[in-house]
Amino acid sequence: AEITDNSCRIALSLTAPTAKDNCNKDIVGTAILPSTFGLGDTTITWQFADKAGNATTCSQIIKVKDNTKPVIDCKTIQPITAEITDNACRIALNITAPKAKDNCDKDITGTANLPSTFGLGDTTITWKFADAATNTTQCTQQIIVSDKSIPVIDCSDIQPITAEITDNSCRIALTITAPKAKDNCDKDITGTAVLPSTFGLGDTTITWKFVDAATNSSQCTQQ
């Protein structure tokens, strides 16, 4: 017999076997039968006794299997969002395994192949719930990791640039090397700025902006 509902036992309607007797014709077997049968093998001993007290016994095996899957509403497993705010590009997360209900094994804790750390973007975890009878159910869970770490640069490292006009013009063209910032995920971030084609007399302030792939930004000025 197979259990396919949420119970862990099954009620069976058994027909008693009969034996042949020399005087009493058919003898219907008698046995002590449980109201329900649990998982595994149950041995029933049938006894056939005639009116003269002569008796014969036979045994019968009742095999019960569990074919009911663990039950869980996958929608109850919520996505997990995490933010990286340090200089790493991956994050370690403490994830609690969800549980499913089982007809025989009560709570079934999900198992999954979890990485030690999670990288940027979406990672799909597949949780598997297997009971003692190897019936399985599975659900997925999304891990969403975003980068909130801004590019790092020491603005004091960007030195002022001095230039002299020695010809008859009143402006000067300069070749300026863009500074670089360090980023947790994108390595070196080259600064961008709106640079004029030439510079006039006096002080000009350049604002360098450093933007990573996750649009985190920092900025520095240069004279």
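Predicted model: local features only at pLDDT ≥ 70, side-chain atom pairs only at ≥ 80, totals over all residues.
Two strands count as paired if DSSP finds at least two bridges between them. That is the term we need to start with.

Take strand β3, residues 18-21, and strand β4, residues 25-28. They run antiparallel and are joined by 4 bridges. One of those pairings can be found by name: A19 has I27 in β4 as its bridge partner. Between β3 and β4 the chain makes a hairpin through 3 residues.

Next, a sheet. Strands of a sheet pair through backbone hydrogen bonds, either parallel or antiparallel. The one I want to show is open, has 3 strands in the order β1-β7-β6, and its pairing is mixed. Why is one side of β1 and of β6 left without a neighbour in the sheet? Because β1 (2-3) and β6 (40-49) stand at the edges, each with a single partner strand. For β6, the pairing with strand β7, residues 55-66, is antiparallel and covers 10 bridges. If you want a place to look, go to D41, whose bridge partner in β7 is K63.

Strand β17, residues 206-211, and β18 run antiparallel, with 6 bridges between them. V211 has S217 in β18 as its bridge partner. The hairpin leaves 5 residues between β17 and β18, and T215 in the turn has a positive phi of about 70 degrees.

Is Q141 buried or exposed? Its relative accessibility is 6%, so Q141 counts as buried, the cut-off being under 20%. Its side chain has polar partners. The backbone oxygen of Q78 is reached at 2.8 Å, and a polar contact of 2.9 Å links the side chain of Q141 to that of W127. Leaving out residues up to four places away in sequence, Q141 touches I77, Q78, I80, I95, T123, T124, I125 and W127.

V152 is in the loop between β12 and β13 (171-172). With 45% relative accessibility, V152 counts as partly exposed.

N113 sits in the loop between β10 (106-109) and β11 (121-130). Here the relative accessibility is 81%, so N113 counts as exposed. The C-alpha atoms of N113 and R90 are 17 Å apart, with 23 residues separating them along the chain.

Last, the pocket. Rolling a probe the size of a water molecule over the atoms shows where empty space is left. The largest pocket has a volume of about 330 Å³. How many residues line the largest pocket? There are 18, and I161, T162, A163, G200 and G202 lie nearest its centre. By type, the lining divides into 10 nonpolar, 6 polar and 2 charged residues.

Note on methods: Residues numbered from 1 in each chain as written. Heavy atoms only, no water. 1 Å grid on protein atoms, 1.4 Å probe; cavity = no way out; pocket = protein on both sides within 12 Å on 5 of 7 lines; lining within 4 Å. Points joined across faces, edges and corners; volume = space filled by probe spheres on them. Nonpolar A, V, L, I, M, F, W, Y, C, P; charged D, E, K, R; others polar. Buried < 20%, exposed > 50% of the residue type's maximum accessible area, 1.4 Å probe, protein only. Polar contact = N/O pair within 3.5 Å; in protein donor to acceptor, adjacent residues only side chain to side chain. Contact = heavy atoms within 4.5 Å. Helix = DSSP H or I, 4+ residues; strand = E, 2+ residues; numbered from the N terminus.
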